[in-house]
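This report describes a structure for a reader who is new to it. Please look over the sequence and the model before reading on.

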Amino acid sequence: MQLYVDSTNVIIHILGYFNVGSYIYAAWNPAFLPKYVYYFIVILGLPVLLLKQQNIAKATFTPLALWGMVFLILNLVHLITADSKPYFDVAATRMQYVMLAIYFSILIQLAESNRWQKAFPLIAIAIAGVTLLDFFYPELLWPPHSENRIIGRANGFQPNNNAAGEVVLLTALLALPMLKKTMLRTLLVGFSGLAVFVTFSRAAMLMWGILVILGIALRTFPKSALLLLVGAALLLSSASVLLEDYLIPALGYQAGSANLLKRIDSIISKDFSDASANERRQVLQQGLELFLNKPFTGAGSGAAEIQ
């Protein structure tokens, strides 16, 4: 019984973090809808609910599940009051994801042990490895000229490069408590840092640096992990030359070279005036204004508008 419960949680996390449904749909088969994977996950979890039905009430009243329920009610209010179809669609989709999150949290609580979490280091290594593989072999995981691709930036199995960087960081963060030796943690975060770099996601790079600094301060990593930051700084400072003279010609990234070099230059020069950064500033500013106007109920999904 416990083996099935643990296996179910591992499979759910693999399917989720590898983004299996969306990847198959976007990369290889448009007839395969991502929701099919979610249906499978729900069915896979049903025996867990039956085996542990006496603990369902306790598993439901956890901070994450309760927060999800409140968030679900808020989205329901926004759904009812939506005055346009696009707004309605966004709210409805958000509600489905929240319900899945609540379902997953209940399954995790019903596991009643952390044995299944020992799979996290393997998942983190695999996620980072796939991301690096996607960079060095760009047509292996995705068909040429795929709509989801920005030439030269690694996606792994994710819908975009920023999501790829986020997933690498999240899985590494979940894996760290499972590794008892500080050297193994350091190696993992270093390997994850390389994967984050090839996504060229500036936010993910920044958060990786913060993760290393916090890890050293909290003694999760040894002081020698400062060498990771030194290595990252050296890599960034030499990245333009490395890309322009070696990697771009070798990997056939000439069409995306301007985008890659501009991103590296913006980090080094601290000039974030490009369209991508401006768009995020607009969303952040509008999000803060919406929060100040409706601090308790919010304005709903998709309320921010980009000019």
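In helix α2 (residues 20-27), the buried residues are G21, Y23 and A27. Buried means under 20% relative accessible area, exposed means over 50%, and partly exposed lies in between (1.4 Å probe, protein chains only). Helices (H or I, at least four residues) are DSSP runs, numbered from the N terminus. Packing of the buried residues of α2 is against α3 (35-51), where contact means heavy atoms within 4.5 Å.

The model is predicted: local features need pLDDT of at least 70, side-chain atom pairs count only at pLDDT 80 or more, and totals for chains, interfaces and linings use all residues. Residues are numbered from 1 along each chain as its sequence is written, and side-chain values use heavy atoms, with hydrogens and water left out.

How many salt bridges does a search of the whole structure find? The search finds 1, a salt bridge being a side-chain nitrogen of Lys or Arg within 4 Å of a carboxyl oxygen of Asp or Glu. It joins the side chains of D6 and R115 (3.4 Å, N to O). Because D6 lies in helix α1 (residues 2-17) and R115 in the loop between α6 (85-111) and α7 (120-136), the pair ties together parts that are 109 residues apart in sequence. L3 also lies in helix α1. The C-alpha atoms of L3 and A111 are separated by 9.6 Å, while the two residues are 108 residues apart along the chain.

| Residue | Relative accessible area | Class |
|---|---|---|
| D6 | 9% | buried |
| R115 | 47% | partly exposed |
| L214 | 48% | partly exposed |
| L3 | 66% | exposed |

L214 is in helix α10 (residues 202-217). Together with L206, M207, I210 and L218, L214 makes a nonpolar surface patch of about 500 Å². Nonpolar patches are made of residues with over 30% relative accessible area and no salt bridge, with side chains (Val, Leu, Ile, Met, Phe, Trp, Tyr) joined within 5 Å. Accessible areas come from the Shrake-Rupley method with a 1.4 Å probe.

The whole structure has 1 cavity of 30 Å³ or more. On a 1 Å grid over the protein atoms alone, a cavity is a set of points where a 1.4 Å probe fits but cannot get out, and lining residues have an atom within 4 Å of a point. The largest cavity holds about 50 Å³ of space, and its lining includes F18, N155, G156, F157 and Q158. The elements giving two or more residues to this lining are α7 and α8 (161-175). The largest share, 3 residues, comes from α7.

Definitions and conventions
Patches are made of residues with over 30% relative accessible area and no salt bridge: like charges are joined within 9 Å, nonpolar side chains (Val, Leu, Ile, Met, Phe, Trp, Tyr) within 5 Å. On a 1 Å grid over the protein atoms alone, a cavity is a set of points where a 1.4 Å probe fits but cannot get out, and a pocket is an open set with protein on both sides within 12 Å along at least five of seven lines; lining residues have an atom within 4 Å of a point. Grid points are joined across faces, edges and corners, and a volume is the space filled by probe spheres set on the points.
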